[in-house]
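Student: I would like to learn how to read a structure like this one. Can we go through it feature by feature?

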Amino acid sequence: MWFRPILLGWLVLLPWGSAAAGPGEWSGYAGLELRLFQHPAALPRQSGAPELSLELQPEYYREWNQGHDSFSFVPYLRLDDRDARRSHGDIRELTWLHAARDWELRLGIRKVFWGVLESAHLVDIINQTDLVEDPDEEDKLGQPMLNLAWIRPSGTWDLFLMPLFRERSFPGPAGRLRTRLPVDSRGARYESAAGRHHLDVALRWFGSRGPLDLGLAAFHGTSREPRLLPGGSPRQPVLVPFYDLIDQVSVDAQLTLEDWLLKLEALGRAGQGRRFARAGAGFEYSFVGIGGSALDLGVIGEYLFDSRGENATTPFQHDLMTGLRLSFNDAQSTEILAGITFDRDSRERFYNLEADHRLGDRWKLRLEARLFSGFDPASPFAGLRADDYLQLELAAYF
Amino acid sequence: MKKWLLLLLPGILWVPEFLATAAPAATPAEIRGLEIAREADRRDSGWGDLQADMMMILRNRQGQTSTRYLRIRTLEVKGDGDKSLIVFDRPRDVKGTAFLSFTHATRPDDQWLYLPALKRVKRISSRNKSGPFMGSEFAYEDLSSQEVEKYHYRYLRDEPVAGHDCFVIERTPAYRHSGYTRQLVWLDKRLYQPRRIDYYDRKRSLLKTLTFRGYHVYLDRYWRADEMDMENHQSGKRTLLQWKHYRFRTGLSARDFDRNSLKRAH
């Protein structure tokens with residue numbers, strides 16, 4: 001229970017902050033999620049039955065000192081009927097924020113996003129991926145940190161000190177959407193002798209000039225992306241996550257030219273095997289008000305590159321992603337995002353569909369469909385071959 | 001800082017996407033129209049900053065309604081368009097979503113959207129000016145700051161609206177991606193604020209009518225309406241915008257309109 005000292009600290013600090021505070025407010029959502037798999041399970045111990053999950057994410061927020069200080073607390077809980085590893089809780093946020101004229105201090109557990117691309121988030125490195133949530137890697141675990149932002153007219157400098165590492169979550173043996181051999185997270189190993197207590201440091205500069213938004217970053221610390229090494233016993237082989245100490249520099253940029261968004265993310269990383277580079281570049285073109293309607297159509301094209309080639313830790317190394325984003329701009333905020341990712345060197349394909357629709361003022365319906373095709377049976381990601389799925393989620397917001 | 005940034009990006013130069021072409025020989029009606037627009041702008045400048053709460057009631061053809069709650073902060077910028085930050089409170093699934101825009105008189109606006117679920121700030125295309133704001137009958141361009149340079153003007157006639165004497169001015173958007181070919185503005189002669197605006201779509205037919213109600217004066221000088229009622233004649237839909245708690249000169253600065261402020265918006 002790594003978060004216990006932080007939590008206790010907060011319980012002491014909270015009343016102090018509350019004395020001059022306005023009333024705090026609770027909000028959040030509760031959702032029911034159903035996953036239907038198209039094919040029977042391909043791996044032992046998996047089940048072909050539909051997977052049902054319950055999600056709860058309340059949110060507490062309170063501010064004082066005319067909004068210059070604020071406190072937020074966002075716990076998260078998922079209960080899953082198939083995969084014990086997918087049933088989990090997390091503290092997504094437990095932060096005190098102080099905003100001054102030229103600087104902002106954030107202390108606690110938080111989520112930070114860096115990047116501009118849609119098909120992959122290459123430079124986004126602060127938070128660990130909560131992989132059991134969704135194979136798209138967009139869900140993140142809360143990261144304990146001290147973050148000091150120095151805000152200059154020319155741009156913002158952000159310093160992050162992260163004293164505690166969060167291990168990536170992986171589906172358990174009974175879960176779908178996993179590697180062929182299950183990952184044994186409990187056996188995780190670290191390059192640093194300090195293990196997960198290594199102090200990770202990141203520095204970022206971000207600024208805007210006319211149509212250009214530019215971010216530059218450097219990171220030294222524990223890689224969020226583990227290497228998966230063979231482990232376990234010959235009778236019960238597993239994969240064991242190994243977290244290297246890495247140095248990474250990155251750039252992310254977007255040029256916004258009316259109809260066109262031009263995007264770039266690139267990074268260089270050392271310390272995880274041989275030095276390597278990953279990059280992605282792409283565009284989004286918007287057709288606004290199609291045929292005189294309120295409908296907007298965005299056409300997305302992105303290309304991803306990994307200098308490690310076939311040894312990369314992701315299934316897609318030289319990929320092309322094309323997608324369409326349809327915004328209905330209606331009262332229900334209906335949106336559809338559809339995309340196909342092609343691997344140029346193999347026949348691997350990944351089809352993705354996401355749709356959102358609000359029902360009334362409090363309910364939201366979300367549909368996701370993901371199809372994997374052409375995966376080589378020998379590939380470490382072959383486990384995904386049978387895992388095409390359709391997901392329906394109904395959430396109530398309060 | 002600026003210098004090395006330019007070195008990094010030698011190929012990128014900002015080219016204005018459109019040129020605000022001033023009409024060469026103005027007719028008396030155009031001169032009069034521009035004079036009135038300038039006077040309205042002069043009377044409504046110097047307010048500094050503004051904060052207000054908004055309630056948006058969307059009504060469809062069948063009479064079903066859905067309500068949005070928003071908070072808005074605006075900073076007056078001399079010599080350019082205003083900066084504004086809009087925070088969404090309801091519907092609850094978009095709570096905490098924030099929209100930051102730097103409007104510009106003669107070039108595309110800069111716009112950023114903050115998505116709280118992903119903690120992601122997205123710079124978005126400014127091409128959507130003509131698109132609906134939050135599914136309402138208001139387009140982004142209807143709500144953004146009304147700089148004099150955004151239109152060409154022509155004075156048409158005098159005509160009262162609900163007993164208030166008004167100038168009727170035709171204004172033609174200078175922005176080539178505007179959703180409108182022209183607008184007719186009934187400008188109150190006493191307040192120099194609009195009482196009614198008719199919007200004509202790209203096919204030049206009447207699309208919407210906006211009616212302003214309940215003008216109150218703030219800081220003895222600045223008139224603001226409590227209600228803006230937008231009726232779409234083509235779809236039969238309607239959006240009522242109710243403004244509450246107008247607060248002027250609250251001490252906001254550019255710092256309250258940067259990317260970090262987007263993430264802090266709550």
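## Reading the model

Tutor: Start with one residue in chain B. Setting aside neighbours within four places in sequence, B:Leu100 is in contact with B:Leu85, B:Gln111, B:Trp112, B:Phe257 and B:Leu262. Keep in mind that this is a predicted model.

Student: Which residues touch the most other members of the largest nonpolar core?

Tutor: A core is a set of buried nonpolar residues joined through C-beta atoms within 7 Å. Here the largest has 43 residues, and B:Leu85, B:Val87, B:Ala98, B:Leu100, B:Ile169, B:Leu187 and B:Met228 touch the most other members. Another core, of 16 residues, lies apart from it; A:Ile126, A:Met145, A:Phe160 and A:Leu304 are among its members.

Student: How much confidence does the predictor place in chain B, and where is confidence lowest?

Tutor: Chain B has a mean pLDDT of 88, with 91% of its residues at 70 or more. Confidence is lowest in helix 1 (residues 2–8) of chain B, at a mean of 43. It is highest in strand 10 (residues 194–200) of chain B, at 98. Residues 1–23 of chain B have pLDDT below 50, and this stretch makes 19 contacts in the model beyond near neighbours in sequence. For the complex, the predictor gives an ipTM of 0.90 and a pTM of 0.89.

Student: How many residues of chain A are in contact with chain B?

Tutor: Count each side separately. 43 residues of chain A are in contact with 32 residues of chain B. On the chain A side, strands 2, 4, 6, 7, 10 and 13 of chain A each give two or more residues. Strand 13 of chain A gives the most, with three residues. By class, this side has 16 nonpolar, twelve polar and 15 charged residues.

Student: What is the overall make-up of chain A?

Tutor: Look at secondary structure, then dimensions. Chain A has one helix and 21 strands. Its C-alpha atoms fill a box of roughly 60 × 60 × 45 Å along the principal axes. A compact globule of 398 residues would have a radius of gyration near 21 Å; chain A has 22 Å, which agrees. Of its 398 residues, 37% count as buried. Among contacts between residues at least 6 apart in sequence, 56% join residues at least 24 apart.

Student: Which strands stand at the edges of the open three-stranded sheet in chain A?

Tutor: The order is 8-12-11 in chain A, with mixed pairing. Strand 8 (189–190) and strand 11 (227–232) of chain A each have a single partner strand, so one side of each is left without a neighbour in the sheet. Strand 8 of chain A runs parallel to strand 12 (residues 237–243) of chain A, joined by two bridges. There A:Arg189 stands opposite A:Phe242.

Student: How do strands 16 and 17 of chain A run, parallel or antiparallel?

Tutor: Antiparallel: nine bridges join strand 16 (residues 296–306) to strand 17 (residues 319–327) of chain A. A:Ile300 stands opposite A:Gly323 in strand 17 of chain A. Strand 17 also runs antiparallel to strand 18 (residues 335–343) of chain A, through nine bridges. In that pair A:Thr322 faces A:Ile340. In a regular strand the side chains alternate between the two faces of the sheet.

Student: Is A:Leu365 buried, exposed or partly exposed, and why?

Tutor: Count C-beta atoms; buried needs 20 or more within 10 Å. A:Leu365 has 15 others within 10 Å, so A:Leu365 is partly exposed. A:Leu365 is found in strand 20 (residues 363–373) of chain A. Beyond four places in sequence, A:Leu365 is in contact with A:His357, A:Leu359 and A:Leu394.

Notes: Residues numbered from 1 in each chain as written. Chains lettered and ligands numbered in written order. Predicted model: local features only at pLDDT ≥ 70, side-chain atom pairs only at ≥ 80, totals over all residues. Contact = placed C-beta atoms within 7 Å. Helix = DSSP H or I, 4+ residues; strand = E, 2+ residues; numbered from the N terminus. Nonpolar A, V, L, I, M, F, W, Y, C, P; charged D, E, K, R; others polar. Buried ≥ 20, exposed ≤ 12 C-beta atoms within 10 Å, placed from the backbone. Pairing = 2+ DSSP bridges. pLDDT = per-residue confidence, 0-100. Rg over C-alpha atoms; globule rule 2.2 N^0.38 Å.
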